[in-house]
Amino acid sequence: MADESRQETEDRDEELLRAVRAAPEGDLRAFEQLIELYQKRILADCRFLTRDENNSEDLAQEVFVKAFFALRTFEGRSTFRHWLQRIKVHHCLNHLKKRGGKDSLSIDDEVMEAHEKLQVPADAERKLEEEGQRQRIGEILNSLPATLRIPLVMCDMDELSYEEIAASLGIGLSAVKMRIKRARELFRFRYAVEEAAAAGRGKQ
C-alpha cells in the first residue's frame, strides 16, 4: 500500500513537472500546485531543522524560489520530493551557519545516555501524521540538540541516505550513524517520559 501511494505521488509530481515546463512564461499555476502539495511539509521541516520559528516561513518560501529557478537543472535522477528536500536541507544548514553557530554541529557534544530498554517507534514522520501525537512529538524533536535533531530529521523525515547526510553536514559516515542512533534513543527516552507524565496527569 505504501509503495502504491509513493508511486502515485511520484506520478502526480511528474505530471505537474511536465505542466510546469510546458507552461508559457508567467504561467505559474502548475508550480503553485507543487508548492501547495509540499508547503506544509517543507515549512514543518524548516522549523525542525532550524528551530527558528521567526524565520521558518521565509526559509520555506526561499526553498520554493530556489527550486523554481533550479528546475531546469532537475534531471530526474531522483524524485522531485527528494530533490526538493535536498534544496531545503542545504538552505536550512546555510541559515544555521549564518546565524552564527548557535546550533554548533560539533561531533563532541555531550548527550545524555539513552535508556536502552525504552522502545517506541522511531519513525517520526509517521507519528507526525497522527494528529493526536503531532504536538507532543514536535516538542520533543525541538528539544533535541541540533547535532542530533538535524541528522534525525534528514534521515527519518527527509529520507536522505547516510551518505547524503554525511556530505551535507561535512562529517563522516560513522558520525552520522552515531548521531542518528543517539537521536532516536534520546527521542524514545523523552517520549516515554512524556507518555508516563501524561498518563499520570490523566489519573488525577
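Predicted model: local features only at pLDDT ≥ 70, side-chain atom pairs only at ≥ 80, totals over all residues.

Residues are numbered from 1 along each chain as its sequence is written, and side-chain values use heavy atoms, with hydrogens and water left out.

Q: Why are H7 and H8 called oblique to each other?
A: The axes of H7 (residues 146-157) and H8 (residues 162-169) come within 10 Å and cross at roughly 140°. Angles under 35 degrees count as roughly parallel, over 145 as roughly antiparallel, 65 to 115 as roughly perpendicular, and the rest as oblique. H7 and H8 are therefore oblique.

Q: Which residues make the contact between H7 and H8?
A: From H7 come Ile150, Pro151, Met154 and Cys155, and they meet Tyr162, Ile165, Ser168 and Leu169 of H8; contact means heavy atoms within 4.5 Å. By class, this contact has seven nonpolar residues, one polar and no charged. Here Ala, Val, Leu, Ile, Met, Phe, Trp, Tyr, Cys and Pro count as nonpolar, Asp, Glu, Lys and Arg as charged, and the others, Gly among them, as polar.

Q: What makes H7 largely enclosed by the rest of the structure?
A: Twelve of the twelve residues of H7 are buried, so the helix is largely enclosed. Buried means under 20% relative accessible area, exposed over 50%, and partly exposed in between, with a 1.4 Å probe and protein chains only. Among the buried residues are Arg149 and Asp156.

Q: Is aspartate 13 buried or exposed, and how do you know?
A: Aspartate 13, in helix H1 (residues 2-22), has 3% relative accessibility and so counts as buried. Leaving aside neighbours within four places in sequence, aspartate 13 is in contact with Leu34, Leu37, Tyr38, Phe80 and Arg81.

Q: Why is leucine 43 called buried?
A: Leucine 43 has a relative accessible area of 18%, so it is buried. This residue lies in helix H2 (residues 29-50).

Q: Which residues does leucine 43 touch, not counting those up to four places away in sequence?
A: Leucine 43 touches Ser56, Glu57 and Ala60. Leucine 43 and glutamate 57 are 14 residues apart in sequence, and 6.2 Å apart in space, C-alpha to C-alpha.

Methods: Axes fitted to C-alpha atoms, helices over the stretch in contact; angles between N-to-C directions. Helix = DSSP H or I, 4+ residues; strand = E, 2+ residues; numbered from the N terminus.
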